[in-house]
Number of protein chains: 2
Amino acid sequence: MAENDSGEVHVDLFAFFADIIPRFIHETLKNYIVPTAVENNLNKSQLRTLLGIYKRGKATMSCLGHWVNVEKGTMTAIADTLHERGLIQRQRDSDDRRKVVLTLTGAGEKIAGECREELSSAFLERFNSLSDADRRELWKAVDSMNSIISKFGEYNKGNE
Amino acid sequence: MAENDSGEVHVDLFAFFADIIPRFIHETLKNYIVPTAVENNLNKSQLRTLLGIYKRGKATMSCLGHWVNVEKGTMTAIADTLHERGLIQRQRDSDDRRKVVLTLTGAGEKIAGECREELSSAFLERFNSLSDADRRELWKAVDSMNSIISKFGEYNKGNE
DNA sequence: ATTTTATAGTTCGAAATCGAACAATACGTT
DNA sequence: AACGTATTGTTCGATTTCGAACTATAAAAT
């Protein structure tokens, strides 16, 4: 907890974002195994990479590296594997030939979409036990926090 | 985005927790290198383990494994290293002799406290640019979300 | 135009992590 | 008590990831 200028007591912002939220997310999904990911023998990084491209339509290696939270050397290895399995395509960006743009193949898109749906369903189940009042309050808080977070520049940089 | 029963449009809860929040946390701290962690040659898992014990006072291997998000075999290796360096103590739980309880040594506590403070300061700097109105709204949303999240059982199970 | 500096991606040896088999302890049932 | 089942932590070979050196392209400075 922490006090603000007017003496009110609030949750410690750092504890909230660094402890409480990550723990909540992890607790919610830690025991859930994504069926389609298992069927297709995808580990966490490979899945997260596919979902990152799925969400963006296309993305560069660096952008995905930030998103998946791995070094660029690792991203190369992940892209190698996904490409070998026919799930993604690589092509040089014609505007900036240093960049490599990744897109999903038909097979990759199908798998990514199914995984996303499975994860989303599993996650949302957690909220079934909430009362209507709590659900409304949560949604209000989420909308509010979302609008503030989106004001921070880096978050919206897109496919940088 | 998603619609609720009354037709209002809200942020998609799954996207918020699985995409937006993790990305915000990562973006906020990705370029920050914790000085005390570097000085003491601690990698991310070792640091997170120390901070996990610091926050809880003491914790079992399993509890920390969940917290750090690694398999138990990995947790054994991490604990080995931290113990060799004199930062933690291991002892069997006398109530349940299967369990191993980890606590910080004096040296470990000092390092963990410094790292926590450094991370917290770096994180909170991000919010300096917010207007007073936004800051109040954010804090309100955080308090609200925190109270709802804390109703979910598993989150509060403690040193399970 | 040339030189410097910065950025994107790859390679590859070192380090960290996974995950399945295992041993020890606890719990539930009969 | 004895048996089967579940949980906790360790071990160790296989896999993944890190991180520094490198190449190629772009942008900025002179």
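This is a short tour of the structure, stop by stop, for your viewer.

Before you start, note that the model is predicted: local features need pLDDT of at least 70, side-chain atom pairs count only at pLDDT 80 or more, and totals for chains, interfaces and linings use all residues. Residues are numbered from 1 along each chain as its sequence is written, while chains are lettered from A and ligands numbered from 1 in the order in which they are written.

**Stop 1: chain A**

Select chain A and color it by secondary structure. You will find seven helices and five strands; helices (H or I, at least four residues) and strands (E, at least two) are DSSP runs, numbered from the N terminus. Follow the chain from the N terminus and the order is β-β-α-α-α-β-α-α-β-β-α-α. Of its 160 residues, 24% count as buried, that is, with 20 or more other C-beta atoms within 10 Å of their own, C-beta atoms being placed from the backbone.

**Stop 2: the two copies**

**Stop 3: where the chains meet**

Which elements of chain A give two or more residues to the side that touches chain B? Select helix 1 (13-29), helix 6 (106-125) and helix 7 (132-149) of chain A. Helix 1 of chain A gives the most, with 13 residues. In total the contact takes 39 residues from chain A and 40 residues from chain B, where contact means C-beta atoms, placed from the backbone, within 7 Å.

**Stop 4: strands of chain B**

Select strand 5 (residues 100-104) of chain B. Strand 3 (residues 58-60) of chain B pairs with strand 5 in the antiparallel sense over three bridges; pairing requires that DSSP finds at least two bridges. Here B:Ala59 stands opposite B:Leu102. Strand 4 (residues 88-92) of chain B also pairs with strand 5 in the antiparallel sense, over five bridges, and B:Gln91 has B:Val101 as its bridge partner.

**Stop 5: DNA strand D**

Finally, select DNA strand D. Of the 21 residues around DNA strand D, those that come nearest are A:Ser45, A:Val70, A:Gly73, B:Ser62 and B:Gly73; a residue is near if its C-beta atom, placed from the backbone, lies within 6 Å. Helix 5 (72-84) of chain A, together with helix 4 (61-68) and helix 5 (72-84) of chain B, are the elements giving two or more residues to this surface.

Terms used:
A residue is buried if 20 or more other C-beta atoms lie within 10 Å of its own, exposed if 12 or fewer, and partly exposed in between; C-beta atoms are placed from the backbone. Two residues are in contact if their C-beta atoms, placed from the backbone, lie within 7 Å.
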